[in-house]
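Subject: Structure handover

Hi,

Here is the structure I promised to pass on to you. Please have a look at it alongside the notes below.

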Amino acid sequence: MDRTAWTGLAVTVVALAAATAFGLWRRRRDGRLHAAPAPAPLPAVLTELGVQEGTPATLLQFSSAFCAPCRAVRRVCADVAETVDGVRHVEVDAESHLDAVRELGIWRTPTVLIVDRSGRVIQRASGVPAKGQVIAAVAPLLEPASR
C-alpha cells in the first residue's frame, strides 16, 4: 500500500470511531430524564405556554409538526396525565413559540419539561422518555405539599 492509501484508511477509521462514540453517547442520553439546572420561580413564559401554578406536576412538551418521536412522547405524556391524578400535559408547537424555546433552552424536539406546583422546571428530557421514568419523576411532586 502506498502512503495515500494508508492516509485514507486512517481517516476512515478515525471517522468511524468518532461516529460510533457519538452514537453511543446519544443513545445513552436520549430520552433520559435528568435534573434541570437551577430551578427558578415560574417565569412568565411558562404561564403564557399554559402552565398553571398550583398544579402538582405539569408535563410541558415541545414538539414540531413533522417530528415522529413527538407523537410517541405525546402518547406517553397523555397516558401519564390520564392515569395519574395531579398531572397535567401541555403540548407546545416549538416553531410557533420561538421566543419561549430560546428562553427555556430547548435545543431539539421532542423535549419535555417537568414543572412542579410552584412553577419550577425540575427535570427535562430530550427524546422519548419511558412511561415508567415519567411516572417516577412526577411521583415525588404528587405528595402533599404540607410535608
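This is a predicted model: local features need pLDDT of at least 70, side-chain atom pairs count only at pLDDT 80 or more; totals for chains, interfaces and linings use all residues.

**The disulfide**

Searching the whole structure turns up one disulfide. Its partners are Cys67 and Cys70, with an S to S distance of 2.3 Å. As you know, such a link is a covalent bond between the sulfur atoms of two cysteines. The torsion about the S-S bond of Cys67 and Cys70 is about 85°, so this disulfide is right-handed. Cys67 has a relative accessible area of 9% and is therefore buried, because the cut-off for that word is under 20%. Cys70 is buried too, at 1% relative accessibility. Another cysteine, Cys77, comes out at 0% and also counts as buried.

**A cis peptide bond**

The next thing to look at is the bond between Thr109 and Pro110: it is cis, with omega at about -5°. Most peptide bonds are trans. Pro110 sits in the loop that runs between helix 4 (98–104) and strand 4.

**Asp116**

Strand 4 spans residues 111–116, and Asp116 belongs to it. Is Asp116 buried or exposed? Its relative accessibility is 8%, so Asp116 counts as buried. What does its side chain make a polar contact with? The partner is the side chain of Ser118, at 3.0 Å. Leaving aside residues up to four places away in sequence, Asp116 touches Thr55, Pro56, Ile122 and Leu141.

Terms used. Residues are numbered from 1 along each chain as its sequence is written. Side-chain values use heavy atoms; hydrogens and water are left out. Helices (H or I, at least four residues) and strands (E, at least two) are DSSP runs, numbered from the N terminus. Buried means under 20% relative accessible area, exposed over 50%, partly exposed in between (1.4 Å probe, protein chains only). A polar contact is a pair of N or O atoms within 3.5 Å; within protein, one must be able to donate a hydrogen and the other to accept it, and residues adjacent in sequence count only if both atoms are side-chain atoms. Contact means heavy atoms within 4.5 Å. A disulfide is a pair of cysteine sulfur atoms within 2.5 Å.
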